[in-house]
Amino acid sequence: MNDYLLVNGGRPLKGELIVSGSKNGGLYAIAAALLTASPVTIHNIPEIADVLEMAAVCRSIGSQVEIDGNTIQIHTPAILSNSPPNDLVAALRASFLVMGPLLARTGEAICASPGGDVIGVRPLDVHLAGFRALGAEITQEESSWVAKAKSLTGDRIFLDYPSVLGTVNVMFAATLSIGTTTIINAAAEPEVAMVAEMLNQMGANINGHGTSLINITGVKELHGVEFEVKPDRIETGTYLLAGVATGGDISIINGQPKELDSLLSKFNEMGVKVEIFSSMEGIRVSALKTFHGIALQAVPYPGFPTDLHAPMAATLTQAIGVSTIHERVFDNRTAYVSQLRQLGAKIIDGGQTVIIDGGVPLIGTSVRALDIRAGAAVVIGGLAATGTTKIFDIEHLDRGYAHLTERLVNLGADVKRCKEHIIGD
Ligand code: EPU
């Protein structure tokens, strides 16, 4: 029996929302806790499936993990295994973040290529080149990567691409290495900066995080910390886009506008009214049913986030005029297009570029959530459509959006989570 979402669309979303802690930032914080033998407490962890999967990965290498609502406690007094099982690693991309801590703490890490959304090739060369530069020997045994080092020594490391997880993994290993590491062309995403801040609170010596040049001076050991994950900027963006698509009026109380300049500037171009409130922390969007098409490129931070590409495309199906979205981060981000077409959208998948002829009314039908953000796109499509939309494969949405149904209902949507009865079940 699988769950599906039933959306009766055509109602403007209205109201206020406090979004959860960052999905990706929370996962990096959990992995960072593996760098110390002392207990770590992390607050504001989102209640999503990926957190449970990451906890299982940590337990498999010897961590004691307790989750109580939005708080997770991780204690890894000793690493009992430096090789998490393949089936756990396959559940999510962030599982590969155990490599840096395992290598730094035990001198050896073994991990299969991780799973996660099917949104492109997603190689690991940036992670592995970084470990090599710190002195690790990398080999491949069967389906796993093996990194071994008697000791790790800081170096100047240029990343071929500012990979987010690659930057975090290399930063983890460098934190406990000898001497200073400089990461050039580092990812500047706020979640990378957040976890660097957490590591500093654990006794690390990192600066430059939040920019493309990060300096890490290694320390002997890290201590425990109590840390709070920052709000999820992608969740914020998703609800704002749902508000705009439905001609609604939405306020995200903890919206962190400084991390969403790229989205807010696109809202201005579209003719959507944006207000920043509550000591500059909150974001309100109010949209008339008419807003305009735009051109945008999804690029690394501070550019427009690839994770908001699909939700933005869904919203632009309701804009007046033609829009284009050029995806420059992943090479398979556009699978969602087929699902928006099912809803009647005039949208063409040109590989890395999507062209949308907006302003066409959407009509409810059955669609699939193909990955986390493709799922968000069909939710927005269903909310903007007339009639009933059934969304299948919502386990992808459960990986990234906490309390989705409840939050949408609170904003005035007519959404229900239902059980799918499969013949023979
Ligand atoms: N890349 C390489 N070599 C590497 C690693 C990446 O060439 O070693 C390339 C990828 O092929 C891709 C690009 O770099 O074309 C970007 O990948 P990146 O490594 O930056 O992405 P990631 O770290 O695997 C994280 C988030 C994604 C988010 C991206 C970009 C997690 C668990 N995932 O992935 O989040 O889209 O950064 O911001 O943190 C999501 O939340 O839905 C999601 C997919």
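How far is an oxygen atom of the ligand from an N or O atom in the side chain of Lys23? The distance is 3.0 Å, a polar contact (a pair of N or O atoms within 3.5 Å). Please keep in mind that this is a predicted model, where local features need pLDDT of at least 70, side-chain atom pairs count only at pLDDT 80 or more, and totals for chains, interfaces and linings use all residues. Residues are numbered from 1 along each chain as its sequence is written, and side-chain values use heavy atoms, with hydrogens and water left out.

**Ligand contacts**
- The side chain of Asn24 has an N or O atom 3.2 Å from a ligand oxygen.
- At Val164, a polar backbone atom is 2.8 Å from an oxygen atom of the ligand.
- The protein buries 90% of the 830 Å² that the ligand exposes when taken alone (Shrake-Rupley method, 1.4 Å probe).

**The shell around the ligand**
- The ligand is surrounded by 22 residues (a heavy atom within 4 Å), and the closest are Tyr28, Asp125, Ser163, Asp307 and Val329.
- Helix H1 (23–32), helix H5 (125–133) and helix H6 (164–175) each give two or more residues to this shell (helices are DSSP runs, H or I, of at least four residues; strands, E, of at least two).
- Domain 1 (2–19 + 231–420) and domain 2 (23–228) each supply at least three shell residues, with bounds from an automatic or database domain assignment.

**Backbone details**
- A cis peptide bond, with omega near 10°, runs from Tyr301 to Pro302.
- Pro302 is in the loop between strand E17 (295–298) and helix H10 (309–316).
- Asn44 is not a glycine, yet has a positive phi of about 60°.
- The loop between strand E3 (40–43) and helix H2 (49–60) holds Asn44.

Conventions. Polar contact = N/O pair within 3.5 Å; in protein donor to acceptor, adjacent residues only side chain to side chain.
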